[in-house]
Amino acid sequence: MRKVKNYFFNFVIGLVVIMTIGLIWHQPVHAQETGKISGKVIDAETGAPLPGTNVFLEGTDFGSATDLNGFYEIKKVPAGDYTLSAAFIGYEEMTREITITAGEELKVNFSMKPTILLGEEIVVVGYATQQLRDVTGSISMVRSEELNTVAATSVNQMLKGKAPGLIMTQRTAQPGGGVSVNIRGAISPEGNNDPLYVIDGVPITNFDSSVPGLNDDQLGYYGGIDQDPLSYLNPSDIESVTILKDASSTAIYGSAAANGVVFINTKAGRAGDIQVHYRGNFTVQTPDNYFPMLNAQQFMQEQTRLSHDRYLWENNIAPYGTTDPASVAAFTPLFSDSEISSAGVGTDWFDQIMRTGHVKEHTVSISGGTKSTRIYTSLNYQENQAVLKSSTFKRYAARVNLDQDFGDRVHLSLKSTVSRLAGDNASSGDNAGGAEKYNMIQAAYNYAPTVGVTDANGEFEYSYYRITMNPAAFLTITDDGKTDHIFAAPNLRIKFSDRLKLNLVGQADLSTSSRSFYLPTIANHSQVIDGMAQKGENRIENYTGEAYATYENNFKNSSLTVVLGAGYYETQSEGSSLTAQGFFTDAFKYNNVGVASNQLMTTITSSKSGRKKLSQFMRINFALRDKYLFSLVGRRDGSSIFSENKKYGFFPGVSVAWRLSDEGFMQSLGAISDLKLRFGYGQSGNESVLSGNTLQLYNPGYPALIGNTEYNGVSLSQVANPNLTWETNISINTGLDFGLFDNRLRGTVEYYQRTAEDLLDFNPLPANNAVGLVADNVGSTRSRGIELSLKTLNIVTDKFLWSSNLNFATFKNTWVERNTRVPLASYIGEKDPIRAIYGFETDGIIKSADDIPTHMPDADPGNLIYVDQNGDGVLDIEDVVLIGNEDPDWSFGLSTFISYGSFDVNIHLYGMLGVTRVNNYLPTVGSRLSQPVSPENSVIFARDVWSSSNPDGTIPGVAANPYNGNNPTGFNDFNREELNFIRLQTISLGYRLPNSIFGAGTGIKSARVFVNLDNMGVLTNYSGYDPELTEANPYPQAYATTFGAEVTF
Amino acid sequence: MKIRKIFMLPALLLAGVVLYVSCSNVLEPQVYDSLTPQNFFQSEADFNHAVTAIYNAFITDWGTTDQGADQWYCSQYNADPKSYLTRGEILTDEVGTSFYVDFTQYTWGPASLQNDAIYAKIRYVARATDTIEKIQQSDADVPDNIKNRYIAETKALRGWLMYALYDFFGPVNVKLDPETLYDVDITPRLPQAEYVAAIEKDLIDAIPDLEDKYNDDGENWGRMSKGSARMVLLRLYMHEKEWAKAEAVGQEIIQMGYSLLPNYADVFINEGNNEVIYAVPSDPSSPNWYMMEVLPPNFQSTSDGSITHDPGWYVLYMPWEFYDKYEAGDLRAATTIFDSYINTGDVLVERGSSRFSGAIPLKYTVLEAGQGQNFDQVVFRYAEALLSVAEAINEQRGPGEAEQYVNQLRSRAGVSDVAGLGKDEMRDFLLDERGRELYLEGSRREDLIRHDKLIEYAQLRGINAQPHHVLFPIPSDVIIQGGGTIEQNPGY
């Protein structure tokens, strides 16, 4: 484990050194006699200034970016002849030949022609935009070209490792699958830790996926779809993602912003010729090595070995006891020697359910317009035949973003998208039920390899434990999901004067999902023999209305921006479902459930919930001499979900920044081109809907049969809490932004402390109360961390460009104050990490009777040795210790971009250090493989299980450890590992075709072909399956190789 | 025109914002799919649904996700070995299993998996307390006798739940006072005498307001009756060795008109018959999984071919040592327990053949296709009352008077009458006879404990059982939560 850490650090330090050398190497020798170049860059079509344009002298390191008004300035240029270039992504690059003499101040203006458009250096901060240089809070921005949008389904998946402090944990690798996102540590132990998403300027109140679950009461298995709610957005439409991290900036979103804010802005149209951009790509997905299972012969051998040991143990025969073997019935193996020797490899169940996947994607975008009407529109089609057979995912997305000026004063912008996600789901993931509820992955894991797919009659064969459905039979299930998403956000801006503007923002965000499921009779499901259909529909609606006025004024030495506004937010979700059983034919599937004969198994449900919020908000930004920057934000929220006494909350944020580099005394430090010190303090709220309201409730869900009628019994389900309110996050943030060597190296170092108070928690009611939990505000937690991000331009020449982004973050999440009503178990420290894992420490396994420790007198050979921490000779709760932390110690990401001539290369990797996870490759043979009559299969590591005939085995044997029952957490450090990993996420190679190969008449302006390699490999010390997938029985990972081409007309 | 409309939308929204800000009831909680104290307990149907939620603790289906605690609990009469019905059985000589080795090998501890599933039924006690109070306070237009019957059913169920908890864990800190329902303070376990008195009081209070029985009322079969409440009381008195009280309540049951069916096997396949005092109804909406738990994994039919079914899970079997306690010709074994079967390979599997670990305790001899079965799970029946009365008499006055009760069962089983045993021999005989008559009806563990044999029998099987194993430990999370207030059972 150490080794990997060291290896990694060396690697990173090496990289940093190489980049630094590159920077120094390319430092120009300053000539004594210099001149200055300045000018303005505007859009040739609209005349609007182009902020963020790079203007540089080719072949040198001199360059600058334009400011908000399009002005640039390059100082201390040695006298001589140069080629001056202006480049801005989305615009055609322009060059001028210039000569500069000593002391000269040369003016050169550029009028750029757009290709496609993009904003840069301008960041959104909530009801306003700011130049990055003026920002006072903690903000990270990821631009579209930093996102590898090829074959990705959700922008969340692409953000992994892109910004410091943004912790993305992929729960599942299913297409479009969910990602857990948290910013600067998940410090709400029971509440939601997701950030607030603000899409095209509008905060989304209910960001859940609307995909309905299946009713698994009767049906065997768990069939969850874990769909990332952002999958509805076509990633190629995204212009930028901005992340507000500290409460001094997020407080403007008040009660919903405790976990940070993620702005996602989509592209806008720009005046000029119509630009048509097409991209097509094809991906091959090769499944990663999944669970390595025993083959048929190995299964029989291991079952014989382990069931024999089980027999010895259950009958107390040596080495487990002293019973005379002659006094009990002899052991009869399930498999004879001849059966074993002729078994062969049998059925590879994972082979039966997995395949090579592929993704096809086509994206067309059209952008253009006149001076007063600009439009951006796009169409996206993506189809993924994923690596689990029967698992498919399709996305159809269309977008129209319209900007319309009505004269000089009125501007309307409309952002709208319509999309459909459709797919066939293959069941995977965690499962709360027993063997009767196994999903496809679990079935493939547990089904005996000695069993065939179908028997002589063509029916699916059962394994020894008949409760499980044949893995291949899962492929006969139809599980179609469909999500239609409509998003429309009109924003009307009325300019009363140059100083006063009014914005009226509306938004409707509607997501409707349906799910249609059919388990056919031919599947031979052990409990559902006559077919089952399910249909479910869910609808989530978000409506927003906001109005805010902006006052801006520039005084002699200062500038002031004031925003005042109010908002109304409403969200509703409703759903219904039906389940029907008893189909005489499979022909109808779920399309004619009326024929179902088993009326008693028919269930119907419906549900509805909603909440409303009213808000007032304000922002004041003040800049003095452009050097001293102040920002004050605040929001007052009122919410329907909180109790009468605590309906309203106020959330303030204040931040200041000092631009040191603009001070006179800094000007002489040539290497420092930019330096800004920031400090912020703020409060924001967490409004996780623990319950939806604070009333006393009675709910059905306790059915019982009286006579022939099943009544759905109703019982107390929630206890009123008249004082429930928001969880409050108080954050302090201090940061240093710096630019060195003419901003060739730009970076940010930040330190923060986030404290959550009045934690939203379920206050456990005593075990004898009618209701177990009541939502309450109790306790406090804290996250402290440091973040570093570096953006470097390592080499810039006219042919060769090499840039890198590197980020690191570390934080510690700890308890500050516990719920005083909950006595802490003796092993829990008052201020332990929030996601601490406790359990017995282990010290190998008992390999013979001689190894039985004195503090474990009842232990059997093959049991784990637990450490008697306090040496009192008794293993009990007092011996439980801290064995790990599920939060990473470090997270980091590195992207590097190289272009040489027409070639470009993009590499992205990210990783985490010091995460504790379960090793899912450890076999549990005691209950499954060793079953004397109905064994289930296990991973190949079952061969390392200790038994009397395998005395060197390293994995616990079949004997139940009598001390497990004294371990209140059930965990031990044998099956938990502290892991580190680096994932090489993407390598992409592109080649821009020379324009000469297209005739002049084709209309092709540029063309590029590319190869993309995704998920190339993981360097890790983890011995389980994938260090990232947090679910049990996860959807398998795949390597993906993509070929594609993009053309601009 | 279109543009004008788009223009209008934000303006309307602004107007809406201003309007909404001014009306304060916008922020009222929105409850659409739950009931509140204001609109529940308003009718007889409401009462019925509240009481049904207590019956839910006893169903035959797997279990219920408890909304109040967000946890899944198995139900008491599910046939899986984690339930109240079968967990007791697998600790005994009567039933074997190769699953749940923590329990079969007596290695369980306070944190063992599934230890809390039955303990958690303590929440149903609190809910029953709430339901009793809410029905009492309700001014719904329901006749008093109906209202009182629902209250009595709930009290009888509460008594039964308390008894089941007592049987497994000893006295616990049940909530019987509605004033304490929402308290967050943790109270200690009740003293034994007080706890037992509370069970007794609930049942005695309930009996006058309950219907006699529902054997002829298919609509209400499954509700608590005078008969079933008395059976719970009988089990309590037997547990406490209150022989005189046990005999008295047993005699009351005997006077209620129940009778033995001529054939043992018929008792389990004729629903609502006159021998069954209480059974948990089941049908496909609440299936009974018992059959799957006992059928071998390659079962095709009984050896005479009379009963066929798809294979089962072979979780529960009757060890041959116990099977041998039946005398030759005992019709109970002959008609409901199978020592051979024909497997899916058309081969006759007999005792002694490989991996046929014990006889098939089929008990319910009419099988339908499919796994979840429709038959009622028999819980209390007249035969048990007879055996308990016989035992109570033997303990008080010796065997002579007791023989007639047990001989009714002997003669039905086609075996010879018992006669001439001494008191101690009679006691041992009655224990065995209970095992033979009531196998897999869920009382073997408490019977063995009453006779002080549970640990002894386990040790005879080579298991490291200790005297403290007669009670299960209080789950460790309850102990931790109690912060010292809740005492653990001795030995854990």
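**View 1. A buried charged pair in chain A.** A:Glu750 and A:Arg678 are both buried, where buried means under 20% relative accessible area, exposed means over 50%, and partly exposed is in between (1.4 Å probe, protein chains only). The two form a salt bridge, with their closest N and O atoms 3.1 Å apart; that term stands for a side-chain nitrogen of Lys or Arg within 4 Å of a carboxyl oxygen of Asp or Glu. A:Glu750 sits in strand β34 (residues 745–757) and A:Arg678 in strand β30 of chain A, so this pair ties together parts that are 72 residues apart in sequence. Helices (H or I, at least four residues) and strands (E, at least two) are DSSP runs, numbered from the N terminus. Over all chains, the structure holds 75 salt bridges.

A quick word on the model: it is predicted, so local features need pLDDT of at least 70 and side-chain atom pairs count only at pLDDT 80 or more, while totals for chains, interfaces and linings use all residues. Residues are numbered from 1 along each chain as its sequence is written, chains are lettered from A and ligands numbered from 1 in the order in which they are written, and side-chain values use heavy atoms, with hydrogens and water left out.

**View 2. A nonpolar patch on the surface of chain A.** Here you'll find A:Phe630, A:Leu632, A:Val654, A:Val656, A:Phe679, A:Tyr681 and A:Ile732, which together have about 540 Å² of accessible area. Patches take residues with over 30% relative accessible area and no salt bridge; like charges are joined within 9 Å, and nonpolar side chains (Val, Leu, Ile, Met, Phe, Trp, Tyr) within 5 Å. Accessible areas come from the Shrake-Rupley method with a 1.4 Å probe, and for residues only the protein chains shown count as cover. Strands β28 (628–639), β29 (648–659) and β30 (672–686) each supply at least two residues of the patch. A:Phe630 belongs to β28 and is partly exposed, at 38% relative accessible area.

**View 3. A loop residue of chain A that touches chain B.** A:Asn708 is in the loop between β31 (697–706) and β32 (709–718) of chain A. With 59% relative accessibility, A:Asn708 counts as exposed. Leaving out residues up to four places away in sequence, A:Asn708 touches B:Gly218 and B:Asp283 (contact means heavy atoms within 4.5 Å).

**View 4. Where domains 2 and 3 of chain B meet.** Domain 2 of chain B covers 264–279 + 380–470, and domain 3 covers 290–371; these bounds come from an automatic or database domain assignment. Between them, 22 residues of domain 2 are in contact with 20 residues of domain 3. The two domains bury about 1800 Å², 59% of it on carbon and sulfur atoms. B:Arg436, B:Tyr439 and B:Leu440 supply 38% of the area that domain 2 buries against domain 3, more than any other three residues. Buried area is the accessible area (1.4 Å probe) that two parts lose on being put together, summed over both. Across this interface, there are 5 salt bridges.

**View 5. Salt bridges in chain B.** B:Glu437 and B:Arg332 meet at 2.8 Å, N to O, and both belong to a salt-bridge network that also includes B:Glu275 and B:Arg436. Another pair is B:Asp324 and B:Arg351, also at 2.8 Å. B:Asp324 is in the loop between α13 (320–323) and α14 (331–336), and B:Arg351 in the loop between β7 (348–350) and β8 (358–359), so they tie together parts 27 residues apart in sequence.
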